[in-house]
Amino acid sequence: MPDRRTFLKTFALAAGGAVAETVEVLGARAQTTGYFGLHPFIESHPDAVFVMRTAVGKKTDSGDIRDAALTFSRSVFYPKSSGLPLTTSIAVKPNLTCSYTDDPRFTLEYGMGIVTDPFFVEGVIEGMKELGLPGSKFFIREVNCPSDFGPRGYTDMAARTGADIRDMSAPPGTMSVNWKDVPEGIWFNRLPYLPPVNGRNSFLVNIAKFKAGGMGLSLCAKNLQGVNAQGYQAHCTPYEESMAIDQAHRNSDAKIVIQNNYNRHVAEGIPRWDRPQGEAHDGGLWMETWATRCIDNHTVLKAGLHVIEGIYGRDGNGDLWGPNPPGHENSLTGEAWDHMANVVVFGLNPFHVDIIGHWMGGHEPGNFGLFHLARERGLSKVLNPASIPLYLWAPGDFGAKAVTPADLPRIPLKTYYLQQNYLGRTEPFYHLCDEPFDYPEEPISVREDRPRAFVLFQNRPNPFNPSTSIEFTLPKAGNVLLEVFNAAGQRVAVLAEGRHPSGAHLASWNTSGHASGTYFYRLRFGGFSETRKMILLK
(Lines give C-alpha, C1' and ligand atoms only; values in the text may rest on other atoms or scores of the structure.)
Protein backbone atom coordinates (compact mmCIF):
# COMPACT_ATOMS: atom_id res chain seq x y z
CA MET A 1 0.00 0.00 0.00
CA PRO A 2 1.59 3.34 -1.06
CA ASP A 3 2.02 5.95 1.63
CA ARG A 4 -0.04 9.13 1.94
CA ARG A 5 2.50 11.23 0.01
CA THR A 6 2.34 8.82 -2.95
CA PHE A 7 -1.44 8.96 -2.81
CA LEU A 8 -1.51 12.73 -2.91
CA LYS A 9 0.93 12.81 -5.82
CA THR A 10 -1.24 10.34 -7.72
CA PHE A 11 -4.34 12.40 -6.99
CA ALA A 12 -2.67 15.57 -8.18
CA LEU A 13 -1.89 13.92 -11.51
CA ALA A 14 -5.47 12.66 -11.76
CA ALA A 15 -6.83 16.12 -11.02
CA GLY A 16 -4.76 17.61 -13.79
CA GLY A 17 -6.11 15.19 -16.37
CA ALA A 18 -9.75 14.95 -15.32
CA VAL A 19 -12.45 17.03 -16.96
CA ALA A 20 -15.65 17.51 -15.00
CA GLU A 21 -18.78 16.57 -16.93
CA THR A 22 -21.27 19.41 -17.28
CA VAL A 23 -24.28 17.93 -15.56
CA GLU A 24 -26.61 19.58 -13.09
CA VAL A 25 -26.02 18.87 -9.41
CA LEU A 26 -28.52 16.37 -8.05
CA GLY A 27 -30.00 17.32 -4.72
CA ALA A 28 -32.59 14.84 -3.46
CA ARG A 29 -33.59 14.44 -7.14
CA ALA A 30 -34.63 18.10 -7.24
CA GLN A 31 -33.76 19.93 -10.42
CA THR A 32 -34.37 23.23 -12.12
CA THR A 33 -33.50 22.45 -15.73
CA GLY A 34 -36.98 21.24 -16.67
CA TYR A 35 -35.78 18.00 -18.31
CA PHE A 36 -35.56 14.34 -17.40
CA GLY A 37 -34.63 10.99 -18.91
CA LEU A 38 -33.31 7.54 -18.14
CA HIS A 39 -30.11 6.80 -16.27
CA PRO A 40 -27.19 7.36 -18.70
CA PHE A 41 -25.95 3.79 -18.24
CA ILE A 42 -29.32 2.42 -19.38
CA GLU A 43 -29.44 4.79 -22.35
CA SER A 44 -25.93 3.82 -23.43
CA HIS A 45 -26.78 0.09 -23.39
CA PRO A 46 -29.93 -0.15 -25.55
CA ASP A 47 -29.65 -3.90 -26.12
CA ALA A 48 -29.04 -4.71 -22.45
CA VAL A 49 -31.43 -6.11 -19.87
CA PHE A 50 -31.31 -5.16 -16.19
CA VAL A 51 -32.57 -7.17 -13.21
CA MET A 52 -33.26 -5.51 -9.86
CA ARG A 53 -33.88 -7.75 -6.87
CA THR A 54 -36.48 -6.77 -4.28
CA ALA A 55 -37.27 -8.06 -0.79
CA VAL A 56 -41.06 -8.08 -0.41
CA GLY A 57 -42.31 -10.69 2.05
CA LYS A 58 -45.88 -11.24 0.84
CA LYS A 59 -47.83 -10.31 -2.27
CA THR A 60 -50.25 -8.33 -0.10
CA ASP A 61 -47.51 -6.15 1.43
CA SER A 62 -48.67 -3.15 -0.55
CA GLY A 63 -46.46 -0.65 1.24
CA ASP A 64 -43.32 -2.70 0.60
CA ILE A 65 -44.29 -3.16 -3.05
CA ARG A 66 -44.75 0.58 -3.44
CA ASP A 67 -41.40 1.23 -1.73
CA ALA A 68 -39.64 -1.24 -4.04
CA ALA A 69 -41.12 0.56 -7.03
CA LEU A 70 -40.03 3.91 -5.61
CA THR A 71 -36.47 2.64 -5.30
CA PHE A 72 -36.62 1.38 -8.86
CA SER A 73 -38.09 4.61 -10.22
CA ARG A 74 -35.62 6.85 -8.38
CA SER A 75 -32.68 4.86 -9.72
CA VAL A 76 -33.88 4.70 -13.33
CA PHE A 77 -35.41 8.14 -14.04
CA TYR A 78 -33.08 11.11 -13.71
CA PRO A 79 -33.19 14.91 -13.99
CA LYS A 80 -31.09 16.11 -16.90
CA SER A 81 -29.81 19.28 -18.48
CA SER A 82 -31.51 18.26 -21.73
CA GLY A 83 -33.84 15.50 -22.81
CA LEU A 84 -37.55 15.10 -22.20
CA PRO A 85 -39.25 18.30 -20.98
CA LEU A 86 -41.44 18.22 -17.87
CA THR A 87 -44.37 18.98 -20.17
CA THR A 88 -44.10 15.44 -21.55
CA SER A 89 -47.20 13.26 -21.24
CA ILE A 90 -46.32 9.97 -19.53
CA ALA A 91 -48.39 7.04 -20.76
CA VAL A 92 -48.27 4.06 -18.40
CA LYS A 93 -49.38 0.66 -19.70
CA PRO A 94 -49.80 -1.93 -16.94
CA ASN A 95 -50.97 -5.45 -17.59
CA LEU A 96 -54.71 -5.30 -16.88
CA THR A 97 -55.94 -8.64 -18.18
CA CYS A 98 -59.73 -9.04 -18.13
CA SER A 99 -61.07 -11.23 -15.33
CA TYR A 100 -64.14 -12.59 -17.20
CA THR A 101 -65.50 -13.83 -13.88
CA ASP A 102 -67.17 -12.76 -10.66
CA ASP A 103 -64.92 -15.03 -8.62
CA PRO A 104 -64.34 -13.31 -5.26
CA ARG A 105 -60.63 -14.08 -5.47
CA PHE A 106 -60.28 -11.29 -8.06
CA THR A 107 -59.82 -8.76 -5.30
CA LEU A 108 -57.07 -6.47 -4.10
CA GLU A 109 -56.68 -8.58 -0.96
CA TYR A 110 -56.08 -11.72 -3.02
CA GLY A 111 -52.97 -10.11 -4.42
CA MET A 112 -54.06 -9.28 -7.96
CA GLY A 113 -51.70 -11.90 -9.32
CA ILE A 114 -52.96 -11.68 -12.88
CA VAL A 115 -52.27 -7.96 -13.30
CA THR A 116 -49.39 -5.59 -12.74
CA ASP A 117 -49.62 -4.74 -9.05
CA PRO A 118 -51.25 -1.28 -8.73
CA PHE A 119 -48.99 -0.36 -5.81
CA PHE A 120 -45.95 -1.02 -7.99
CA VAL A 121 -47.33 1.31 -10.66
CA GLU A 122 -48.04 3.87 -7.94
CA GLY A 123 -44.43 3.73 -6.75
CA VAL A 124 -43.12 4.22 -10.29
CA ILE A 125 -45.37 7.25 -10.81
CA GLU A 126 -44.51 8.80 -7.44
CA GLY A 127 -40.81 8.37 -8.14
CA MET A 128 -41.16 10.14 -11.47
CA LYS A 129 -43.21 12.91 -9.85
CA GLU A 130 -40.17 13.72 -7.69
CA LEU A 131 -38.51 14.95 -10.88
CA GLY A 132 -41.08 17.72 -11.12
CA LEU A 133 -43.70 15.96 -13.25
CA PRO A 134 -47.22 16.69 -11.96
CA GLY A 135 -49.69 13.86 -11.50
CA SER A 136 -51.83 15.33 -14.26
CA LYS A 137 -49.14 14.38 -16.79
CA PHE A 138 -49.61 10.63 -16.15
CA PHE A 139 -52.11 8.63 -18.20
CA ILE A 140 -52.83 4.99 -17.37
CA ARG A 141 -53.97 3.36 -20.59
CA GLU A 142 -55.68 0.04 -21.26
CA VAL A 143 -58.38 -0.60 -23.86
CA ASN A 144 -59.75 -3.78 -22.28
CA CYS A 145 -62.31 -4.26 -19.52
CA PRO A 146 -62.59 -0.83 -17.86
CA SER A 147 -65.08 -2.39 -15.43
CA ASP A 148 -62.09 -4.13 -13.83
CA PHE A 149 -60.20 -0.91 -13.08
CA GLY A 150 -61.97 -0.45 -9.75
CA PRO A 151 -61.79 -4.02 -8.38
CA ARG A 152 -58.14 -4.24 -9.37
CA GLY A 153 -57.24 -1.18 -7.33
CA TYR A 154 -56.39 1.05 -10.29
CA THR A 155 -59.16 3.61 -9.87
CA ASP A 156 -58.10 4.35 -6.29
CA MET A 157 -54.42 4.35 -7.25
CA ALA A 158 -55.06 6.87 -10.03
CA ALA A 159 -56.86 9.11 -7.54
CA ARG A 160 -53.94 8.93 -5.10
CA THR A 161 -51.35 9.81 -7.74
CA GLY A 162 -53.43 12.27 -9.77
CA ALA A 163 -53.09 10.12 -12.90
CA ASP A 164 -55.76 9.95 -15.58
CA ILE A 165 -57.52 6.59 -16.05
CA ARG A 166 -60.72 6.28 -18.03
CA ASP A 167 -62.85 4.00 -20.17
CA MET A 168 -61.29 4.09 -23.64
CA SER A 169 -62.90 0.93 -24.95
CA ALA A 170 -64.97 2.63 -27.67
CA PRO A 171 -64.13 1.93 -31.34
CA PRO A 172 -61.72 4.41 -32.95
CA GLY A 173 -64.45 6.00 -35.06
CA THR A 174 -66.19 7.25 -31.93
CA MET A 175 -63.21 8.64 -30.02
CA SER A 176 -59.98 10.48 -30.66
CA VAL A 177 -57.00 8.21 -31.37
CA ASN A 178 -53.45 8.58 -32.68
CA TRP A 179 -53.23 6.87 -36.06
CA LYS A 180 -49.96 5.43 -37.32
CA ASP A 181 -49.21 3.97 -40.75
CA VAL A 182 -47.43 0.61 -40.57
CA PRO A 183 -45.23 0.58 -43.69
CA GLU A 184 -43.50 -2.70 -42.78
CA GLY A 185 -46.65 -4.42 -41.53
CA ILE A 186 -47.59 -7.91 -42.67
CA TRP A 187 -51.10 -7.86 -41.20
CA PHE A 188 -51.72 -4.20 -40.34
CA ASN A 189 -51.05 -1.24 -42.59
CA ARG A 190 -52.54 1.25 -40.12
CA LEU A 191 -53.04 1.19 -36.35
CA PRO A 192 -54.87 3.45 -33.85
CA TYR A 193 -53.38 4.19 -30.41
CA LEU A 194 -54.98 5.43 -27.20
CA PRO A 195 -53.79 9.01 -26.61
CA PRO A 196 -51.22 10.05 -25.54
CA VAL A 197 -49.56 6.82 -26.75
CA ASN A 198 -47.60 7.44 -29.94
CA GLY A 199 -48.47 11.11 -29.77
CA ARG A 200 -46.20 14.11 -29.83
CA ASN A 201 -44.34 14.93 -26.64
CA SER A 202 -45.18 11.59 -25.01
CA PHE A 203 -43.19 8.88 -23.23
CA LEU A 204 -44.53 5.35 -22.74
CA VAL A 205 -43.65 3.21 -19.71
CA ASN A 206 -44.65 -0.39 -20.39
CA ILE A 207 -45.06 -2.33 -17.11
CA ALA A 208 -45.92 -5.98 -17.76
CA LYS A 209 -46.52 -8.74 -15.24
CA PHE A 210 -44.36 -11.82 -14.63
CA LYS A 211 -46.95 -14.46 -15.47
CA ALA A 212 -47.72 -17.45 -17.67
CA GLY A 213 -50.39 -17.57 -20.36
CA GLY A 214 -51.36 -19.15 -23.64
CA MET A 215 -48.49 -17.43 -25.48
CA GLY A 216 -45.87 -18.62 -23.01
CA LEU A 217 -45.08 -15.89 -20.53
CA SER A 218 -47.24 -12.86 -21.34
CA LEU A 219 -44.64 -10.16 -20.86
CA CYS A 220 -43.66 -6.81 -22.42
CA ALA A 221 -44.17 -7.44 -26.13
CA LYS A 222 -47.69 -8.81 -25.74
CA ASN A 223 -48.70 -6.28 -23.10
CA LEU A 224 -48.60 -3.40 -25.58
CA GLN A 225 -51.46 -4.71 -27.70
CA GLY A 226 -53.65 -3.08 -25.04
CA VAL A 227 -52.69 0.42 -26.22
CA ASN A 228 -54.29 -0.23 -29.62
CA ALA A 229 -57.87 1.02 -29.89
CA GLN A 230 -60.85 -1.32 -29.65
CA GLY A 231 -60.84 -4.14 -32.18
CA TYR A 232 -57.26 -3.54 -33.23
CA GLN A 233 -55.96 -4.81 -29.88
CA ALA A 234 -57.35 -8.31 -30.52
CA HIS A 235 -54.06 -9.69 -31.82
CA CYS A 236 -55.04 -13.13 -30.55
CA THR A 237 -57.96 -13.44 -32.99
CA PRO A 238 -57.47 -16.84 -34.70
CA TYR A 239 -56.32 -17.04 -38.30
CA GLU A 240 -59.69 -18.46 -39.36
CA GLU A 241 -61.69 -15.56 -37.89
CA SER A 242 -62.01 -11.88 -38.84
CA MET A 243 -60.84 -9.03 -36.64
CA ALA A 244 -63.44 -6.35 -35.88
CA ILE A 245 -61.47 -3.61 -37.64
CA ASP A 246 -61.75 -1.52 -40.76
CA GLN A 247 -60.58 -4.04 -43.33
CA ALA A 248 -58.87 -1.23 -45.26
CA HIS A 249 -56.34 -1.18 -42.41
CA ARG A 250 -55.37 -4.79 -43.07
CA ASN A 251 -53.12 -5.75 -45.96
CA SER A 252 -55.17 -7.55 -48.59
CA ASP A 253 -52.66 -10.41 -48.89
CA ALA A 254 -52.07 -10.73 -45.13
CA LYS A 255 -53.47 -14.24 -44.79
CA ILE A 256 -51.52 -15.53 -47.78
CA VAL A 257 -48.27 -14.08 -46.45
CA ILE A 258 -48.89 -15.44 -42.95
CA GLN A 259 -49.68 -18.93 -44.28
CA ASN A 260 -46.54 -18.93 -46.44
CA ASN A 261 -44.42 -17.69 -43.55
CA TYR A 262 -45.94 -20.32 -41.29
CA ASN A 263 -45.12 -23.12 -43.73
CA ARG A 264 -41.55 -21.83 -44.03
CA HIS A 265 -41.12 -21.56 -40.27
CA VAL A 266 -42.37 -25.13 -39.74
CA ALA A 267 -39.87 -26.33 -42.33
CA GLU A 268 -37.13 -24.33 -40.60
CA GLY A 269 -37.92 -26.11 -37.35
CA ILE A 270 -39.32 -23.43 -35.05
CA PRO A 271 -40.11 -25.53 -31.96
CA ARG A 272 -43.74 -26.57 -31.44
CA TRP A 273 -44.80 -24.64 -34.54
CA ASP A 274 -45.97 -27.92 -36.07
CA ARG A 275 -48.81 -28.26 -33.56
CA PRO A 276 -52.02 -28.64 -35.63
CA GLN A 277 -55.01 -26.39 -35.12
CA GLY A 278 -57.47 -27.75 -32.58
CA GLU A 279 -60.97 -26.69 -31.65
CA ALA A 280 -59.48 -24.14 -29.24
CA HIS A 281 -57.46 -22.53 -32.05
CA ASP A 282 -54.31 -23.42 -30.16
CA GLY A 283 -52.02 -24.49 -32.98
CA GLY A 284 -48.87 -23.13 -34.55
CA LEU A 285 -50.71 -21.16 -37.25
CA TRP A 286 -52.56 -19.27 -34.51
CA MET A 287 -49.26 -18.39 -32.91
CA GLU A 288 -47.81 -17.27 -36.25
CA THR A 289 -50.83 -15.00 -36.73
CA TRP A 290 -50.70 -13.50 -33.24
CA ALA A 291 -46.93 -13.00 -33.28
CA THR A 292 -47.11 -11.31 -36.70
CA ARG A 293 -49.66 -8.76 -35.45
CA CYS A 294 -47.65 -8.20 -32.28
CA ILE A 295 -44.50 -7.46 -34.26
CA ASP A 296 -46.40 -5.18 -36.67
CA ASN A 297 -47.40 -3.15 -33.62
CA HIS A 298 -43.83 -2.88 -32.38
CA THR A 299 -42.48 -1.66 -35.71
CA VAL A 300 -44.22 1.71 -35.19
CA LEU A 301 -44.87 1.90 -31.43
CA LYS A 302 -42.62 4.29 -29.51
CA ALA A 303 -41.92 3.16 -25.95
CA GLY A 304 -39.45 4.69 -23.51
CA LEU A 305 -38.93 1.78 -21.11
CA HIS A 306 -40.10 -1.83 -20.87
CA VAL A 307 -40.51 -3.34 -17.40
CA ILE A 308 -41.59 -6.72 -16.03
CA GLU A 309 -43.02 -6.36 -12.53
CA GLY A 310 -41.97 -9.63 -10.94
CA ILE A 311 -42.46 -8.93 -7.24
CA TYR A 312 -44.57 -12.04 -7.50
CA GLY A 313 -45.23 -14.18 -10.57
CA ARG A 314 -48.17 -16.40 -11.48
CA ASP A 315 -48.13 -19.73 -13.28
CA GLY A 316 -50.92 -21.55 -15.11
CA ASN A 317 -53.01 -19.56 -17.55
CA GLY A 318 -52.45 -16.14 -16.02
CA ASP A 319 -55.60 -15.98 -13.92
CA LEU A 320 -57.12 -18.45 -11.44
CA TRP A 321 -56.50 -21.76 -13.16
CA GLY A 322 -53.27 -23.69 -13.22
CA PRO A 323 -51.24 -26.80 -12.33
CA ASN A 324 -51.48 -26.55 -8.56
CA PRO A 325 -51.31 -28.23 -6.16
CA PRO A 326 -48.78 -30.66 -7.67
CA GLY A 327 -50.51 -33.37 -9.64
CA HIS A 328 -52.88 -31.04 -11.45
CA GLU A 329 -50.65 -30.54 -14.52
CA ASN A 330 -53.28 -32.26 -16.68
CA SER A 331 -56.29 -31.00 -14.78
CA LEU A 332 -58.49 -28.08 -15.72
CA THR A 333 -59.68 -27.84 -12.11
CA GLY A 334 -56.31 -26.90 -10.59
CA GLU A 335 -55.26 -23.46 -9.44
CA ALA A 336 -52.66 -20.92 -10.41
CA TRP A 337 -50.24 -19.99 -7.68
CA ASP A 338 -48.25 -16.85 -7.08
CA HIS A 339 -44.54 -17.21 -6.40
CA MET A 340 -42.50 -14.51 -4.66
CA ALA A 341 -39.95 -13.96 -7.42
CA ASN A 342 -38.88 -10.53 -6.07
CA VAL A 343 -37.40 -9.24 -9.32
CA VAL A 344 -37.92 -6.29 -11.62
CA VAL A 345 -36.66 -6.86 -15.16
CA PHE A 346 -36.28 -3.91 -17.54
CA GLY A 347 -34.57 -2.51 -20.60
CA LEU A 348 -35.06 -0.62 -23.85
CA ASN A 349 -35.68 -3.60 -26.13
CA PRO A 350 -38.95 -5.40 -25.25
CA PHE A 351 -37.95 -8.65 -26.96
CA HIS A 352 -34.62 -8.81 -25.17
CA VAL A 353 -36.40 -8.13 -21.86
CA ASP A 354 -38.90 -10.91 -22.64
CA ILE A 355 -36.15 -13.38 -23.58
CA ILE A 356 -34.60 -12.90 -20.15
CA GLY A 357 -38.07 -12.99 -18.58
CA HIS A 358 -38.78 -16.38 -20.18
CA TRP A 359 -35.42 -17.67 -18.99
CA MET A 360 -36.15 -16.54 -15.45
CA GLY A 361 -39.55 -18.25 -15.68
CA GLY A 362 -37.83 -21.59 -16.22
CA HIS A 363 -38.16 -21.74 -20.01
CA GLU A 364 -35.67 -21.95 -22.88
CA PRO A 365 -36.43 -18.82 -24.95
CA GLY A 366 -35.39 -20.45 -28.24
CA ASN A 367 -38.48 -22.65 -27.96
CA PHE A 368 -40.81 -19.67 -28.49
CA GLY A 369 -41.66 -18.64 -32.03
CA LEU A 370 -42.25 -14.98 -31.17
CA PHE A 371 -38.53 -14.45 -30.67
CA HIS A 372 -37.66 -16.16 -33.96
CA LEU A 373 -40.07 -13.87 -35.82
CA ALA A 374 -38.84 -10.76 -34.01
CA ARG A 375 -35.24 -11.59 -34.91
CA GLU A 376 -36.21 -12.29 -38.52
CA ARG A 377 -37.85 -8.87 -38.78
CA GLY A 378 -35.00 -6.98 -37.14
CA LEU A 379 -36.62 -6.13 -33.81
CA SER A 380 -34.35 -8.44 -31.82
CA LYS A 381 -30.67 -9.04 -32.44
CA VAL A 382 -30.53 -12.37 -30.64
CA LEU A 383 -32.33 -15.52 -29.59
CA ASN A 384 -29.88 -16.78 -27.00
CA PRO A 385 -30.25 -15.21 -23.54
CA ALA A 386 -26.49 -15.67 -23.10
CA SER A 387 -25.94 -13.22 -25.98
CA ILE A 388 -27.82 -10.37 -24.31
CA PRO A 389 -25.81 -7.90 -22.20
CA LEU A 390 -27.19 -8.59 -18.74
CA TYR A 391 -26.78 -6.64 -15.51
CA LEU A 392 -27.82 -6.87 -11.90
CA TRP A 393 -29.14 -3.42 -10.98
CA ALA A 394 -28.59 -2.52 -7.34
CA PRO A 395 -29.46 1.08 -6.40
CA GLY A 396 -27.30 2.37 -3.58
CA ASP A 397 -24.99 -0.64 -3.76
CA PHE A 398 -22.75 -1.53 -6.70
CA GLY A 399 -24.95 0.01 -9.38
CA ALA A 400 -24.89 -2.38 -12.33
CA LYS A 401 -22.82 -5.54 -12.45
CA ALA A 402 -22.46 -7.66 -15.58
CA VAL A 403 -23.75 -11.20 -15.03
CA THR A 404 -24.81 -14.23 -17.04
CA PRO A 405 -28.27 -15.86 -17.17
CA ALA A 406 -26.92 -18.61 -14.91
CA ASP A 407 -26.50 -16.00 -12.16
CA LEU A 408 -30.21 -15.16 -12.13
CA PRO A 409 -32.89 -16.72 -9.92
CA ARG A 410 -35.33 -18.92 -11.83
CA ILE A 411 -38.97 -19.36 -10.82
CA PRO A 412 -40.69 -22.10 -12.89
CA LEU A 413 -43.97 -20.68 -14.26
CA LYS A 414 -45.79 -23.45 -16.11
CA THR A 415 -47.83 -22.57 -19.18
CA TYR A 416 -50.17 -24.33 -21.61
CA TYR A 417 -48.33 -22.89 -24.64
CA LEU A 418 -48.43 -25.26 -27.66
CA GLN A 419 -48.73 -28.49 -25.69
CA GLN A 420 -46.83 -31.34 -27.37
CA ASN A 421 -49.52 -34.04 -27.22
CA TYR A 422 -49.64 -34.89 -30.93
CA LEU A 423 -47.76 -37.16 -33.35
CA GLY A 424 -47.07 -39.62 -30.56
CA ARG A 425 -45.72 -37.00 -28.15
CA THR A 426 -46.86 -36.70 -24.55
CA GLU A 427 -46.65 -33.60 -22.41
CA PRO A 428 -48.79 -32.28 -19.54
CA PHE A 429 -51.25 -29.50 -20.34
CA TYR A 430 -49.33 -27.17 -18.00
CA HIS A 431 -45.61 -27.50 -18.69
CA LEU A 432 -42.26 -25.81 -19.04
CA CYS A 433 -40.82 -25.32 -22.54
CA ASP A 434 -37.38 -26.14 -21.24
CA GLU A 435 -36.13 -28.66 -23.77
CA PRO A 436 -32.60 -27.86 -25.03
CA PHE A 437 -32.40 -25.52 -28.01
CA ASP A 438 -29.48 -25.36 -30.44
CA TYR A 439 -29.00 -21.62 -30.80
CA PRO A 440 -27.48 -20.27 -34.01
CA GLU A 441 -24.08 -18.65 -33.77
CA GLU A 442 -24.63 -14.94 -33.17
CA PRO A 443 -22.18 -12.17 -34.11
CA ILE A 444 -19.82 -11.09 -31.37
CA SER A 445 -20.81 -7.48 -32.07
CA VAL A 446 -24.14 -8.20 -30.43
CA ARG A 447 -22.37 -8.47 -27.09
CA GLU A 448 -21.85 -4.76 -26.51
CA ASP A 449 -20.56 -5.55 -23.03
CA ARG A 450 -17.35 -7.20 -24.27
CA PRO A 451 -14.86 -4.33 -24.39
CA ARG A 452 -11.36 -4.75 -25.70
CA ALA A 453 -9.69 -2.50 -23.14
CA PHE A 454 -9.69 -1.56 -19.47
CA VAL A 455 -11.52 1.79 -19.16
CA LEU A 456 -12.46 3.91 -16.12
CA PHE A 457 -14.97 6.60 -17.07
CA GLN A 458 -15.58 9.98 -15.49
CA ASN A 459 -18.29 9.79 -12.86
CA ARG A 460 -21.77 11.05 -13.75
CA PRO A 461 -23.03 13.50 -12.67
CA ASN A 462 -20.03 15.60 -11.69
CA PRO A 463 -20.30 17.80 -9.63
CA PHE A 464 -22.95 15.83 -7.74
CA ASN A 465 -25.14 15.60 -4.66
CA PRO A 466 -26.01 13.28 -3.01
CA SER A 467 -24.96 10.38 -5.26
CA THR A 468 -22.99 9.67 -8.39
CA SER A 469 -22.29 6.72 -10.69
CA ILE A 470 -18.96 5.41 -11.96
CA GLU A 471 -18.77 3.17 -15.03
CA PHE A 472 -15.83 0.93 -15.82
CA THR A 473 -15.22 -1.80 -18.37
CA LEU A 474 -13.10 -4.93 -18.12
CA PRO A 475 -11.70 -6.78 -21.15
CA LYS A 476 -11.68 -10.05 -19.22
CA ALA A 477 -12.85 -11.44 -15.91
CA GLY A 478 -10.73 -10.66 -12.87
CA ASN A 479 -10.49 -9.09 -9.44
CA VAL A 480 -11.25 -5.39 -9.15
CA LEU A 481 -10.98 -2.82 -6.38
CA LEU A 482 -12.75 0.53 -6.76
CA GLU A 483 -12.01 2.90 -3.87
CA VAL A 484 -12.86 6.50 -2.99
CA PHE A 485 -10.39 8.80 -1.21
CA ASN A 486 -10.72 12.29 0.20
CA ALA A 487 -8.31 15.12 -0.59
CA ALA A 488 -6.10 14.03 2.33
CA GLY A 489 -5.58 10.61 0.79
CA GLN A 490 -7.79 8.79 3.31
CA ARG A 491 -9.95 5.99 1.96
CA VAL A 492 -13.60 6.77 2.65
CA ALA A 493 -15.44 4.11 0.62
CA VAL A 494 -15.04 0.86 -1.31
CA LEU A 495 -17.51 0.75 -4.21
CA ALA A 496 -16.53 -2.53 -5.88
CA GLU A 497 -14.35 -5.38 -4.73
CA GLY A 498 -13.75 -8.95 -5.78
CA ARG A 499 -14.06 -10.93 -8.97
CA HIS A 500 -16.10 -9.36 -11.78
CA PRO A 501 -16.85 -10.81 -15.24
CA SER A 502 -15.75 -9.08 -18.41
CA GLY A 503 -17.92 -6.23 -19.63
CA ALA A 504 -19.29 -2.92 -18.49
CA HIS A 505 -20.05 -2.31 -14.81
CA LEU A 506 -21.56 0.59 -12.91
CA ALA A 507 -20.77 1.49 -9.31
CA SER A 508 -22.68 4.07 -7.29
CA TRP A 509 -21.65 6.17 -4.32
CA ASN A 510 -24.16 7.59 -1.89
CA THR A 511 -22.37 10.36 0.01
CA SER A 512 -24.45 10.41 3.17
CA GLY A 513 -22.16 11.52 5.99
CA HIS A 514 -19.51 13.00 3.72
CA ALA A 515 -18.72 16.69 3.43
CA SER A 516 -18.53 18.79 0.29
CA GLY A 517 -15.17 18.78 -1.42
CA THR A 518 -12.90 17.09 -3.88
CA TYR A 519 -12.66 13.32 -3.88
CA PHE A 520 -10.73 10.81 -5.95
CA TYR A 521 -11.70 7.36 -7.09
CA ARG A 522 -9.23 4.68 -8.13
CA LEU A 523 -9.80 1.41 -9.94
CA ARG A 524 -7.32 -1.45 -9.75
CA PHE A 525 -7.60 -4.45 -12.07
CA GLY A 526 -4.76 -6.86 -12.61
CA GLY A 527 -1.75 -4.71 -13.42
CA PHE A 528 -3.88 -1.71 -14.31
CA SER A 529 -4.64 1.24 -12.08
CA GLU A 530 -6.35 4.54 -12.88
CA THR A 531 -7.49 7.48 -10.75
CA ARG A 532 -9.99 10.26 -11.47
CA LYS A 533 -11.29 13.30 -9.62
CA MET A 534 -14.89 14.13 -8.65
CA ILE A 535 -16.53 16.97 -6.77
CA LEU A 536 -19.26 16.71 -4.13
CA LEU A 537 -21.29 19.92 -3.69
CA LYS A 538 -23.85 19.96 -0.90
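Predicted model: local features only at pLDDT ≥ 70, side-chain atom pairs only at ≥ 80, totals over all residues.
Modeller: We can take a helix pair and then a sheet.
Colleague: At what angle do the axes of H3 and H4 cross?
Modeller: Roughly 40 degrees, and the axes of H3 (residues 62–76) and H4 (residues 118–129) come within 7 Å. Helices here are DSSP runs of H or I with at least four residues, and strands are E runs of at least two, numbered from the N terminus. Axes are lines fitted to C-alpha atoms, for helices over the stretch in contact, with angles from 0 to 180 degrees between N-to-C directions.
Colleague: Which residues of H3 make the contact?
Modeller: Ser62, Ile65, Arg66, Ala69, Leu70, Phe72 and Ser73, with contact meaning heavy atoms within 4.5 Å. From H4, the residues include Phe119, Phe120 and Met128.
Colleague: Now the sheet. What is the strand order?
Modeller: E21-E20-E23-E24, an open sheet with antiparallel pairing; strands pair if DSSP finds at least two bridges between them.
Colleague: Which strands stand at the edges?
Modeller: E21 (491–500) and E24 (528–536); each has a single partner strand, so one side of each lacks a neighbour in the sheet.
Colleague: And how many bridges between E20 and E21?
Modeller: Eight, with E20 covering residues 478–486. Valine 484 has alanine 493 in E21 as its bridge partner.

How values were computed:
Residues numbered from 1 in each chain as written. Heavy atoms only, no water.
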